[in-house]
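The stops below are meant to be selected one after another.

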Amino acid sequence: DVKLSPDRTMSIAGTFGGSHEEFVVIDNKEFNFFKEALGWDDDHVEESRKIALRHFKSRFGLDASDAVLEEGSGVYVLDGLTLFAFAFDFPFYKIADSAKLVDCPTAMAVWGGWALEGSNVTLSGEYGGVSGVQIPADDEAIMISSYMVFAPGSQYSTIVEVRSRKPLACAPLNAICGISDTMNLLDDFHDPYPGYVDGSLNFETSESGNERVVARFTLTWPGRF
């Protein structure tokens with residue numbers, strides 16, 4: 001007999017064909033991701049920023065609440081910290097689902113939210129503890145407080161809140177970056193249900209010099225088959 005896992009899992013993947021520097025959009029001026037994918041107004045966007053700030057402080061001990069908005073760039077800066085709204089500039093497609101016998105490649109999601117970069121800072125809070133984790137001046141830690149939206153713009157959109165449980169982990173030369181986050185269902189059709197997201201961003205360059213970013217992630221809801 002086949003023993004089924006008690007966990008609900010879903011795998012998603014996406015590819016960006018272009019420069020490694022352009023796969024993420026800085027979305028601080030128009031907040032297009034929040035307004036188009038989530039349907040939020042300015043007040044709701046600001047509330048999401050405050051939620052992100054609280055997460056970065058409690059989880060990593062980084063307080064960016066006094067960060068100042070830079071003219072032109074649309075990013076908030078404060079003593080080695082940079083806060084900005086972002087969106088991945090490519091869609092993600094469901095490639096496997098433990099609740100479905102047949103894959104559903106047309107199930108599309110977009111992903112964006114708030115990111116915090118820290119350089120020459122100490123990560124404490126729930127993650128770093130009392131001793132802390134030092135991030136040197138020649139390196140950076142990247143954390144996110146974000147939203148993955150399936151069927152964006154639809155009345156049946158499913159929203160998954162995704163927050164970093166540890167900083168983005170990038171290998172030498174940034175050939176691959178691992179992401180390890182917590183998540184929670186957050187919409188009108190599901191009760192809140194926690195889980196986690198794990199995966200990676202793979203930065204590839206062909207022999208001819210063409211670049212692309214390949215992303216693969218697995219979403220897991222323990223005990224929710």
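Is Arg165 buried, partly exposed or exposed? Arg165 has a relative accessible area of 22%, so the residue counts as partly exposed. The model in the viewer is a predicted one.

**Stop 1: Arg165 and Asp198**

Arg165 sits in the loop between strand E11 (158-164) and strand E12 (169-170), whereas Asp198 belongs to strand E14 (residues 194-205), so the contact ties together parts that are 33 residues apart in sequence. Asp198 is partly exposed, because its relative accessibility is 29%.

**Stop 2: Arg163 and Glu161**

Now select Arg163 and Glu161. Their side chains meet in a salt bridge, 2.9 Å from N to O. Arg163 is partly exposed at 22% relative accessibility, while Glu161 is buried, with a relative accessible area of 13%. The cut-off for buried is under 20% relative accessible area.

**Stop 3**

Select Arg59 and Glu126 next. A salt bridge joins these side chains, at 3.6 Å from N to O. The pair links distant parts of the chain: Arg59 is in helix H2 (residues 42-60) and Glu126 is in helix H3, 67 residues apart. Arg59 is partly exposed, with a relative accessible area of 21%; Glu126 is exposed, with a relative accessible area of 57%.

Tyr127 is placed in helix H3 (residues 125-128). How far apart in space are Tyr127 and Arg59, C-alpha to C-alpha? The distance is 5.6 Å, although the two residues are 68 apart in sequence. Tyr127 is partly exposed, since its relative accessibility is 31%.

**Stop 4: a salt-bridge network**

Select Arg8, Lys94 and Asp97. Salt bridges link these residues in a network. Over the structure, the count of salt bridges comes to ten.

**Stop 5: aromatic rings**

How many aromatic pairs does a search of the whole structure find? The search finds 18. One of them is Phe31 with Phe34, an edge-to-face pair with 6.1 Å from centre to centre and 70° between the planes. Phe31 is buried, with a relative accessible area of 14%, and Phe34 is buried too, with a relative accessible area of 0%.

Move to Phe86 and Phe88. Their ring centres are 5.7 Å apart and their planes stand at 85°, so this pair is edge-to-face. Planes over 60 degrees apart count as edge-to-face. Both Phe86 and Phe88 are buried.

**Stop 6: a charged patch**

Glu21 is exposed, because its relative accessibility is 71% and the cut-off for exposed is over 50%.

Conventions
Residues numbered from 1 in each chain as written. Predicted model: local features only at pLDDT ≥ 70, side-chain atom pairs only at ≥ 80, totals over all residues. Heavy atoms only, no water. Buried < 20%, exposed > 50% of the residue type's maximum accessible area, 1.4 Å probe, protein only. Phe/Tyr/Trp six-rings, centres within 6.5 Å; stacked < 30°, edge-to-face > 60°. Helix = DSSP H or I, 4+ residues; strand = E, 2+ residues; numbered from the N terminus. Salt bridge = Lys/Arg side-chain N within 4 Å of Asp/Glu carboxyl O.
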